[in-house]
Amino acid sequence: MKSFFDNQDLVKLIWKWKRHLIGVGTIAIVGAAIFSSPWFITPMFQSQARIYPTNTNTYSEESESEQMLEVLNSTDIKWQLIDTFNLEERFEIPEDEAHFRTKILKEYNDRITCKKTEYESIELKALDADPQVASDMIDSLIVFYNRKVLILNRQKAREQATFYEKDLNRKRREIEAVAAEMEPLRKEYGLLDYEIQAEQVTQGYMSALAGGANSRAIADIKNLMTNLEEKGGRFFLLQKELLALEMQRDTIASRYDKALANAEKDVTYTMVVEEPFPADKKAYPTRWLIVLVSLVAVEFLALLTILGLEGIQSSKS
């Protein structure tokens with residue numbers, strides 16, 4: 001048998017059986033051409049797009065592109081696309097079929113893909129017998145993604161707004177409580193601003209003594225000094241506490257307003273760098289490749305068969 005694999009013997013063998021090999025090859029070409037035709041294999045057209053995430057924040061160690069990919073590949077988005085385009089009919093998978101959800105999601109994953117590129121963009125691809133439908137599915141994926149992220153962000157913003165509103169009301173009550181405690185100190189003891197009054201009263205008292213002011217004026221100044229000594233410390237602490245609470249209230253109010261704005265804003269979260277369009281050339285099947293592979297496979301099997309027959313004849317002689 002070893003001699004049959006020598007180059008010269010192999011060429012002679014091929015030449016000997018050339019008509020058979022040509023016949024088998026012709027049949028293989030014709031058969032492959034027929035069985036790869038639209039009569040047997042439905043041509044598929046591919047539409048694609050490239051998008052970048054925008055107006056988003058990262059919530060974990062994942063990049064913005066990876067987070068976008070998670071949303072695009074979510075079951076929620078898939079079922080929206082399945083329902084919108086009646087893919088159970090296009091995939092010819094009846095709803096009453098066993099393991100319907102598993103089968104239709106598998107077919108979905110075979111025909112519609114979302115992958116991250118090396119440049120951090122997301123590449124969307126869809127295959128369908130109708131090139132317009134393939135393009136529309138890519139457009140819809142982008143729309144569904146924007147809608148999904150908008151809903152998630154609005155929900156998060158509303159939760160934050162509710163939290164800030166409660167915190168803001170609490171701060172307002174604390175401010176009212178401090179202001180209520182300061183009010184009698186203002187009315188009964190004439191305390192308005194501890195630091196300023198302390199400085200002015202001291203200067204006024206010294207000036208009154210040096211200028212020979214009347215006893216009534218000096219008594220009023222002494223009375224205010226006594227009030228500052230007895231109640232000034234508490235008033236000063238309340239004054240500082242009120243200032244800190246007002247600053248906290250203003251910060252919370254700013255965050256509350258921002259959360260409300262985020263809950264009401266309407267923005268998109270994709271930057272489309274490659275728009276989808278209906279393809280004018282099918283992407284599947286590649287008929288010339290099918291014909292070539294079929295021809296090579298059939299000729300190889302035919303040659304092996306010939307070698308086997310020649311080997312049998314050689315052993316008998």
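Predicted model: local features only at pLDDT ≥ 70, side-chain atom pairs only at ≥ 80, totals over all residues.
**Chatting through the chain**

User: Which residues form the nonpolar patch on the surface?
Analyst: L289 is one of them, together with W288, L292, V293 and V296. As a group, these residues have about 510 Å² of accessible area.

User: Let me zoom out. How many helices and strands does the chain have?
Analyst: The chain has ten helices and four strands. Starting at the N terminus, the order goes α-α-β-α-α-α-α-β-β-α-α-α-β-α.

User: And what share of the residues is buried?
Analyst: The chain has 317 residues, and 32% of them count as buried.

User: Which residues touch the most other members in the largest nonpolar core?
Analyst: That would be L124 and L141, in a core of 32 residues. Several elements give two or more residues to this core: β1 (45-53), α3 (64-72), α4, α6, β2 (112-116), β3 and α7.

User: Which of those gives the most?
Analyst: Helix α7 does, with nine residues. As a general point, nonpolar side chains in soluble globular proteins tend to be buried together.

User: You mentioned α4. Which of its residues are buried?
Analyst: Helix α4 spans residues 75-84, and its buried residues are I77, K78, W79, L81 and I82. After α4 comes N86, with a positive phi near 50°.

User: Where else is phi positive?
Analyst: N55 has a positive phi of about 60°, even though N55 is not a glycine. You'll find N55 in the loop between β1 and α3. E120 is not a glycine either, and has a positive phi of about 70°. E120 is in the loop between β2 and β3.

User: New topic, salt bridges. How many are there?
Analyst: The count is 14 salt bridges. One of them pairs D128 with R90, with the closest N and O atoms 2.6 Å apart. D128 is in strand β3 (residues 122-128) and R90 is in helix α5, so this pair ties together parts that lie 38 residues apart in sequence.

User: How accessible are D128 and R90?
Analyst: D128 has 1% relative accessibility, so it counts as buried. R90 is partly exposed, at 33%.

User: What about E123, who's its partner?
Analyst: E123 forms a salt bridge with K125, and their closest N and O atoms are 3.7 Å apart. E123 is buried, with a relative accessible area of 15%, while K125 is partly exposed at 26%.

User: What about R170, where are it and its partner?
Analyst: R170 pairs with E174 in a salt bridge, with the closest N and O atoms 3.1 Å apart. R170 and E174 both lie in helix α7 (residues 131-189), four residues apart, or about one turn of the helix.

User: Why does a gap of four places matter in a helix?
Analyst: An α-helix has 3.6 residues a turn, so residues three or four places apart point the same way. Back to the pair: R170 is partly exposed at 36%, and E174 is partly exposed at 27%.

User: Why does D96 count as exposed?
Analyst: Its relative accessibility is 70%, and exposed means over 50%.

User: Last one. How far apart are L150 and E264?
Analyst: In sequence, L150 and E264 are 114 residues apart, and in space they are 9.9 Å apart, C-alpha to C-alpha. L150 is in helix α7 and is buried, with a relative accessible area of 11%.

Key
Residues numbered from 1 in each chain as written. Heavy atoms only, no water. Buried < 20%, exposed > 50% of the residue type's maximum accessible area, 1.4 Å probe, protein only. Salt bridge = Lys/Arg side-chain N within 4 Å of Asp/Glu carboxyl O. Patch = residues over 30% accessible without salt bridge, like charges linked within 9 Å, V, L, I, M, F, W, Y side chains within 5 Å. Areas by Shrake-Rupley, 256 points an atom, 1.4 Å probe, with all protein chains shown as cover. Core = buried A, V, L, I, M, F, W, Y, C linked by side-chain atoms within 4.5 Å.
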